[in-house]
Amino acid sequence: MKRKIQKVLIANRGVPAVRIMHTCMDRKISTTAVYSAPDRLAHHVFMADTAVHIGEAPPIESYLNMDKMIAAAIKSKSDAIHPGWGFLAENEKFAQMVIDAGLIWIGPSPEVIKMMGDKIKAKLLAQKANVPTITGISDVTDIEQIKRWMKKEKVDFPIIIKAAAGGGGKGMIKVENNEQLAQAFSQARSEAKKAFGDETILVEKYIERGRHIEVQIIADEYGKVVHLFERECTIQRRNQKIIEEAPSPSLDDGLRQDICFTATRLMREIGYTSAGTVEFIFDSSARKFYFLEVNTRLQVEHGITELITGLDIVGIMLDVAMGKKLPFKQSDIHPNRWALEVRLNAEDPKNFSPSFGTITRLQVPMGPNVRVASGVYEGADIPPYYDSLFMLLMTAGANREDAIRVMDRSISRNLRVEGVKTLAPLLLSIIRHPAFISGEFSTRFIEEHMDELISMFKEKNSEDEVLKIARYVAEISALGQQKWM
Amino acid sequence: MNNFIFVKPGMSPKEIVKAVRSLPGVCLTSVGMRDAGQSDFKNRHRIYDLKTLAPYYNNMGLFSAECHGGARWHVGVMNRRESPFEEISILRELMPDVLLQTLIRETNLFGYRPYPKNVIEYVVSKVDIDVWRCFSFLNDVRNMRAVAEVVMKRGRLFEPTISFTAADWTTNDYYLGVVREIVALCAGTDEIILCIKDMAGVGDINRIGNLIDVIKQAYPELVINYHRHITDGLAIPAFLSAAKAGAKIFDVEEDSLVRFYGHSPILSVHAVFEESGIPVYLNRTEAEAAVQKVREWIGHYEWAESPFKGLDHTVTLHKMPGGAFPSSFEQADKGEFLHLMPAILKVMALYNRIVKYFDVTPGSQITWVTCSGIINRYAKERGDAGVKHIIKLITKFIEEKNQDFNSMEKDEQEELLLLFRGAPGDFKNLLLGNYGRLPVGWAAEWVYRSAFSDEWEAKIKERKELSPLDLLKEDNIEKLRNDLTENIGRKPAEEEFILYLMHPKDALEYIEFRDKYGESPLVLPTDVWREGLKKPGDKVDFELWGKPYSIELVSIGSEHEGLIHVVMRVNNKTRVYTVETPRAKKIEVRLAKGAGDIGAPINGSIWRIGNPERGALRAGDIVHKGEEIANLEAMKMENAILAPFDGQIVEVCVKLNDTVREGQLLFVIEKL
């Protein structure tokens with residue numbers, strides 16, 4: 001059934017909201033932004049054609065408030081809602097409310113979201129579709145249950161506790177020994193409750209030195225499921241990705257075919273539509289992959305897949321939501337580039353302590369083979385209430401070496417962010433590290449190399465130095481001669 | 001031009017000494033970059049200005065440029081925010097052919113207290129200087145051993161120095177004894193240059209010629225450098241007398257730098273010597289150019305000049321050295337006792353006959369603090385009459401009674417016994433031998449009774465006969481380095497560490513300043529450095545690391561609640577700086593410091609105090625090791641704060657839902 005979309009409300013803020021608006025602009029589709037009180041002057045608000053205030057700072061009153069979101073769509077005469085990533089993106093109740101309100105939901109069906117949102121059910125479905133899974137238990141309510149399972153299945157530490165409703169690293173804690181178990185369990189439950197409103201927990205064996213590989217899927221309403229190849233997202237801190245690349249440097253062509261078709265098979269089996277991702281953990285020594293979860297939404301790192309395939313995934317989501325057929329088949333997809341993405345979070349690169357405040361100066365990288373997805377502008381505030389991601393930096397090249405080289409230039413010579421601390425020094429250290437360059441790393445890369453990475457932070461550059469001098473001149477000009485002189 | 005270079009860095013001490021000996025006449029050391037500034041401008045001359053002289057120095061044919069050491073090091077760190085290491089590297093680049101010279105105190109190095117031998121060796125081995133002029137304010141040659149050994153082992157030129165003053169006890173025999181010890185320490189006269197440091201400029205014309213003559217007769221091959229301040233007005237004739245007696249090197253400065261407490265003008269000295277038939281090794285054209293160059297910037301330093309202007313022959317009585325004048329007057333000015341200066345100088349003239357040593361650092365400071373203390377005490381307690389009274393009393397004791405304590409009246413004795421009661425600790429250290437051996441023996445017994453009261457006999461027994469080099473316990477250098485690392489939160493550069501070894505407190509301030517303001521002290525012109533940009537449109541252009549920069553003032557806002565907004569264009573981009581005035585409200589954030597202080601691991605908000613099992617925690621509650629005592633949320637991630645040990649909560653320092661920053665104090669827990 002064909003439907004027309006003339007105006008999209010983007011139920012999000014920052015980087016994802018801006019990203020989606022870009023494609024809407026390409027398509028001459030109007031946009032509505034929503035904003036919480038501290039986001040009144042945010043970048044995504046200025047970008048949109050209209051904007052609706054939906055509440056106070058806490059997400060629960062604004063970006064997670066479903067009733068207000070629907071009301072905003074109706075008020076702004078929007079006919080569709082794109083949830084972006086995070087917030088309500090994987091909330092089947094919200095998807096259903098959107099549809100029930102007579103609006104178009106840009107994403108997979110509420111049924112699929114629900115099915116995959118329950119990690120326990122998703123794992124069963126994966127097993128049914130013949131997708132390899134990791135040993136684990138579900139519906140855990142106390143730690144004795146975990147101990148019994150470990151004994152019965154002969155599982156050793158480390159294990160990982162996850163929120164059944166989770167994603168994005170929240171409510172996910174690795175446990176090394178018995179002593180940590182109780183604390184980790186209660187923290188995971190509490191975080192799960194806070195982030196997803198559901199404290200159901202599952203526990204799995206933790207694959208040491210695992211690599212994180214995921215497959216991008218797109219599917220239409222007519223049963224056509226196509227994969228756009230894989231991404232490697234192994235470089236993580238606290239279970240949150242910070243560097244992603246496509247293709248994966250750890251797969252050969254055989255394994256690549258295998259993992260991509262496995263993902264396609266699963267998604268076809270569950271009747272997936274729109275864009276989504278199947279995540280795997282890859283045990284590189286055993287050269288085996290295991291199903292992790294399905295992300296029923298657009299992902300942060302979708303841009304690198306766009307760079308290697310030349311496709312616009314948000315555009316495809318819009319087309320699918322309008323009931324169009326995918327205009328290509330699997331054999332039409334030919335990635336011909338290597339792409340790299342780093343996440344610029346407003347955090348102290350030495351300890352990941354969040355750094356909020358005003359971006360007093362912003363100079364964005366330019367030049368060949370660079371793509372920037374920014375959620376902010378110079379002068380914008382980074383409020384403490386939301387995710388610390390404020391910009392994605394992507395680079396491409398004919399091969400991995402090229403893409404890394406361009407990334408090095410972008411971070412080290414072109415990028416300037418003043419006012420808040422960013423992960424930039426750490427990201428630069430990582431892409432310059434020999435283990436990263438040779439492709440030999442695991443999800444523990446950062447924790448294993450943190451001191452070394454910090455020691456690689458560049459000490460000084462003349463741009464920063466001249467600002468120190470300017471600060472001195474400003475102070476003396478205002479205050480006059482100082483006593484200590 | 002290069003034919004004027006006769007000694008240069010890289011030559012061995014032997015080659016340098018030989019080159020000086022073979023000159024037909026005399027040569028010059030320029031103190032324009034150090035002692036000139038110290039004597040008349042409170043050591044405020046910035047390397048930004050001094051370096052403009054370097055290209056001339058490089059062609060001038062100088063024996064050396066004294067550009068380092070003395071109080072320049074400390075004032076650089078404290079007041080100019082320049083590092084002596086930066087200065088050396090700048091000058092090395094701009095005058096690669098000139099021997100760089102320092103002035104160093106034997107055990108006090110560039111500071112004011114004796115350092116242990118291992119610190120001396122460590123520091124001396126890290127400073128890239130060619131000529132090491134080393135003196136002892138006690139002429140205790142034993143104290144020079146550590147510096148001499150390291151310098152000579154490095155193949156650098158050691159210039160042992162005798163402190164000179166004019167007194168009844170400073171006879172030729174006395175000085176010959178000192179020279180003998182020096183020659184023994186340095187294994188002969190072929191690899192050293194001897195300096196005679198007439199630091200107050202008190203040697204009269206014949207005395208200087210006579211002393212040098214006596215030394216040259218005993219050691220004909222010894223190369224002698226005469227260092228003389230000009231306050232008495234007789235420096236140039238004294239130079240002539242010294243040159244005729246065989247001195248080879250003379251300390252001079254640019255004519256345009258000469259004021260009242262420094263050194264002789266280079267061009268005048270050149271003219272006098274040439275007229276007297278003594279050839280001077282000097283490229284006079286370059287020297288004239290340097291004299292002119294000084295005029296371009298010396299006006300920026302008028303504020304630093306001594307308010308006590310003019311030459312004064314009475315310096316031969318009080319003997320305050322040139323280098324100590326500006327700082328003493330600065331203190332007198334700040335302490336509002338400038339009017340007492342004549343009385344203080346009078347007491348100094350008497351005091352130096354009671355306790356005999358040389359008025360040069362740290363001796364000059366001891367003299368100054370002791371004598372200004374005495375006069376201030378009398379002025380405060382008994383006014384002008386009291387000041388007159390004490391001067392009269394000491395004069396009587398010295399001049400009438402020839403320092404025979406017992407011949408004084410009973411009440412006068414009692415008053416003398418209180419004279420040094422309030423003397424500074426360093427005066428007492430001096431009496432105890434903590435700096436080394438006094439030149440002509442310990443002070444009289446009544447001085448000890450005066451300084452130490454009832455403990456005087458015990459203190460006399462404590463007196464040390466050995467050099468501090470042999471007495472002081474070694475410092476743990478790596479521990480000190482770790483202390484510094486901890487203090488500044490990062491690994492210090494080697495140079496920063498050496499600054500810290502010399503002056504720990506001031507070095508920390510310096511490092512903090514430079515971390516915050518970068519290379520401001522090196523690149524900003526002196527007017528901007530001191531006063532900033534004054535009116536809209538004023539700008540400063542400079543180069544940093546090979547690239548041009550420009551800072552232009554757009555406007556300075558008015559003060560509001562202790563804040564001033566300054567708008568500037570930095571390389572054409574407009575920037576607004578918020579400057580806090582002293583009236584700015586400080587938001588006090590207590591930081592976790594002590595062992596029982598629990599700090600926030602990251603920035604975030606405290607959403608729970610206590611834990612789900614026990615509920616909220618309060619002061620007085622007992623907590624167990626590993627128990628969660630609070631939880632901090634940052635960008636949707638939770639961070640449990642755990643008790644580090646079993647203990648009792650003394651204080652909960654935050655409220656629920658407070659936003660805290662990294663390191664902020666959350667709890668104080670007392671260990672059980």
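Which residues in α16(B) meet which residues in α17(B)?

Analyst: Happy to, and please keep in mind that this is a predicted model. From α16(B), the residues that take part are B:Ala343, B:Ile344, B:Lys346, B:Val347, B:Met348, B:Leu350 and B:Tyr351. They meet B:Thr367, B:Thr370, B:Cys371, B:Ser372, B:Ile374, B:Ile375, B:Val387, B:Ile391, B:Ile394, B:Thr395 and B:Ile398 in α17(B). Sorted by class, this contact has 13 nonpolar, four polar and one charged residues.

Now for the geometry of the pair. Helix α16 of chain B covers residues 341-351, and helix α17 of chain B covers residues 363-400. The two pack at an angle of about 55°, and their axes are 9 Å apart. The helices α16(B) and α17(B) are therefore oblique to each other. Their crossing is left-handed.

The loop between these helices deserves a look too. B:Pro362 is found in the loop between α16 and α17 of chain B, and a cis peptide bond joins B:Thr361 to B:Pro362, with omega about -5°. Most peptide bonds are trans, and most residues other than glycine have a negative phi. Chain A has a cis bond as well: the one from A:Ala246 to A:Pro247, with omega near -5°. A:Pro247 lies in the loop between β12 (240-246) and α9 (253-269) of chain A.

Two residues of chain A are worth a visit for their phi angles. A:Lys28 is not a glycine, yet its phi is positive, about 60°. This residue is found in the loop between α1 (14-26) and β2 (30-36) of chain A. A:Lys28 counts as exposed because it has 7 C-beta neighbours inside 10 Å. A:Phe87, also not a glycine, has a positive phi of about 45° and is found in the loop between β4 (80-82) and α4 (92-100) of chain A. A:Phe87 has 21 C-beta neighbours inside 10 Å, so it counts as buried.

Next, step back to chain B as a whole. Its secondary structure comes to 27 helices and 21 strands, and its C-alpha atoms fill a box of roughly 95 × 70 × 50 Å along the principal axes. Of the 672 residues in chain B, 46% are buried. Among its contacts between residues at least 6 apart in sequence, 72% join residues at least 24 apart.

One sheet of chain B brings us to the other chain. It is an open sheet of four strands in the order β10-β11-β12-β13, with antiparallel pairing. Its edge strands are β10 (539-544) and β13 (573-580), each of which pairs on one side only. On average, neighbouring strands of this sheet are turned by 30° against each other, direction ignored. Inside the sheet, β11(B) and β12(B), the latter spanning residues 563-570, pair in the antiparallel sense over five bridges. For B:Leu553, the bridge partner in β12(B) is B:Met568.

As for the contact between the chains, 42 residues come from chain B and 35 residues from chain A. Strand β11 (residues 547-556) of chain B gives the most to chain B's side, with five residues. By class, that side has 24 nonpolar, eight polar and 10 charged residues.

Definitions and conventions. Residues are numbered from 1 along each chain as its sequence is written. Chains are lettered from A and ligands numbered from 1 in the order in which they are written. This is a predicted model: local features need pLDDT of at least 70, side-chain atom pairs count only at pLDDT 80 or more; totals for chains, interfaces and linings use all residues. Axes are lines fitted to C-alpha atoms, for helices over the stretch in contact, and angles run from 0 to 180 degrees between N-to-C directions. Angles under 35 degrees count as roughly parallel, over 145 as roughly antiparallel, 65 to 115 as roughly perpendicular and the rest as oblique. A crossing is left-handed if the near helix is turned anticlockwise from the far one by less than a right angle, and right-handed if clockwise. Two residues are in contact if their C-beta atoms, placed from the backbone, lie within 7 Å. Ala, Val, Leu, Ile, Met, Phe, Trp, Tyr, Cys and Pro count as nonpolar, Asp, Glu, Lys and Arg as charged, and the others, Gly among them, as polar. A residue is buried if 20 or more other C-beta atoms lie within 10 Å of its own, exposed if 12 or fewer, and partly exposed in between; C-beta atoms are placed from the backbone. Two strands pair if DSSP finds at least two bridges between them.
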